[in-house]
Amino acid sequence: MSNGHGCCKTGPGYASPLEAMAGPRESLIYVTAVYSGTGIEKPDYVATVDVDPNSATFSKVIHRLPVPYLGDELHHTGWNSCSSCFGDPSAQRRFLIVPALVSGRVYVIDVKTDPKAPSLHKVVEPADIIQKTGMAYPHTSHCLASGEIMISCLGNKDGNAEGNGILLLDSEFNVKRKGEKPGHSPQFGYDFWYQPRPNTMISTSWGAPRAFTKGFNLEHLFEGLYGRHLHVYDWPGGELRQTLDLGDSGLLPLEIRFLHDPAKDTGFVGSALTSNMIRFFKTQDGSWSHEVSISVKPLKVQNWILPEMPGLITDFLISLDDRFLYFVNWLHGDIRQYNIEDIKNPKLTGQVWVGGLIQKGSPIIAVTDDGETWQAEVPEIQGKKLRAGPQMIQLSLDGKRLYATNSLFSTWDKQFYPDLVQQGSHIIQIDVDTQKGGLKINPNFFVDFGTEPHGPSLAHEMRYPGGDCTSDIWI
């Protein structure tokens, strides 16, 4: 088995999610690091972080690959090839696909030639994407077993949601076309996940780029500039089959994941603003439905912009054995672990406070229904106070280590956590009890992006060279 680290009789990744769990321990993480919007006139970069506990440079940034331009806002990343190509011996997981959310470029990074020092392979220019598809603001990237790359785009060049859709690149990273049929574009774009066996792709809804790039304004929600729908596609046919209105319980549905078992036709989506985990599922008549699975109640607070504070679920993931679901509350500051073996009845099995607006020392105070005030106890790590709240997370293949960054998007960072832009991001590691459940901060791991050579930067999504539970899809 190559597992993406060599070429023998199989393609990249693993034959199944359970085989992936037995894969090698992660030793490197690639992280997008952003200067765009921070006031530092330097290009964004892809940082390589050493996460091998036996290494002398453990929990350090060991390489930085700056992109050639300013103002990109590197955000999410994907692969040119993943476990969906496991049956193709000619396929290699060689390139990290790095869309730039604001500029519209797509960077292709070679991580195979020297995994510890990635290099720039190609730049897909926004003018080419706009000319051939009319789309801009690229976000989520997934590979297809065909060798093509699909990337969600959140709007047109003017920042309107109209014109969003799925961009298709060929295996040489040339712009092909829009992935969906004409007239079948979603109302809003953001994340997506496809499940090959039922030929289904489901996409989510953030909002119009002309709204979210300026920060969050509640008036934009009332003006219809943010979404609350899931869009169900026949894929790869590109036909929009059904639109699920999540209603007021599903405002700003962001990250979406099917269960990893390719035979399952259910999964979850995180509704950020209303802070609900929503389960979607296929019904007996072949249509899709949804139900609220987990709710995070807003906190009554003092000294904030509103009398109640949502948790703001901005990221979540599912362990490769489909046993545990993890999500973050970016504003409240906690990470949660739920057992989902009984998928209709998730059970809270772990919770840890790692930042947030209500941590001790903050002017913002939470108030119970009985009128008692409280703040969260958030420990320091290696003498460093934890900044902002947990944002993007990544889980080790064996499910025993959870990594978390704390930057959402530069304009939103400045709005909700202005100190983060001045002090920079960090990555922390949470030890996971995979038997009984439970989360505990690892005091020996802290990656400080506040001490970067060009000044504090904002760290967002993380990837392992061999794939992970938010990048790989099985067929």
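## Tyrosine 226 and the nonpolar cores

In this predicted model, tyrosine 226 touches Phe188, Trp206, Gly207, Ala211, Phe212, Gly215, Phe216, Asn217, His220, Leu221, Leu252 and Trp412, leaving aside residues up to four places away in sequence. Tyr226 is also among the residues with the most contacts inside the largest nonpolar core, together with Trp206, Leu252, Leu331 and Trp412. That core comprises 40 residues. At least two of its residues come from each of β8 (136-143), α3 (209-212), β20 (299-302) and α5 (410-416).

Strand β1 (residues 28-34) is mostly covered, with 7 of its 7 residues buried. In a regular strand, side chains alternate between the two faces of the sheet. For β1 both faces are covered: Leu28, Tyr30, Thr32 and Val34 lie on one side, Ile29, Val31 and Ala33 on the other, and all are buried.

The pairing of β1 with β2 is antiparallel and extends over 6 bridges; within it, tyrosine 30 has threonine 48 of β2 as its bridge partner. Strand β32 (residues 458-463) also runs antiparallel to β1, and 4 bridges join the two. Here valine 34 stands opposite leucine 458.

Serine 59 is located in the loop between β2 (45-50) and β3 (60-66). Its relative accessibility is 6%, so serine 59 counts as buried, the cut-off being under 20%. Apart from residues up to four places away in sequence, serine 59 touches Asp50, Asn444, Phe445, Phe446 and Val447.

## An open four-stranded sheet

An open sheet is formed by 4 strands in the order β4-β5-β6-β7, with antiparallel pairing.

The partner of β4 is examined here in detail: β4 and β5 (residues 95-99) run antiparallel and are joined by 2 bridges. Glycine 78 stands opposite isoleucine 97 of β5.

## A nonpolar surface patch

Leu218, Phe222, Ile305 and Leu306 make a nonpolar surface patch of about 410 Å². One of these residues, phenylalanine 222, belongs to helix α4 (residues 218-222). Phenylalanine 222 counts as exposed because its relative accessible area is 60%, and the cut-off for exposed is over 50%.

Technical notes
Residues numbered from 1 in each chain as written. Predicted model: local features only at pLDDT ≥ 70, side-chain atom pairs only at ≥ 80, totals over all residues. Heavy atoms only, no water. Core = buried A, V, L, I, M, F, W, Y, C linked by side-chain atoms within 4.5 Å. Buried < 20%, exposed > 50% of the residue type's maximum accessible area, 1.4 Å probe, protein only. Contact = heavy atoms within 4.5 Å. Pairing = 2+ DSSP bridges. Patch = residues over 30% accessible without salt bridge, like charges linked within 9 Å, V, L, I, M, F, W, Y side chains within 5 Å. Areas by Shrake-Rupley, 256 points an atom, 1.4 Å probe, with all protein chains shown as cover. Salt bridge = Lys/Arg side-chain N within 4 Å of Asp/Glu carboxyl O.
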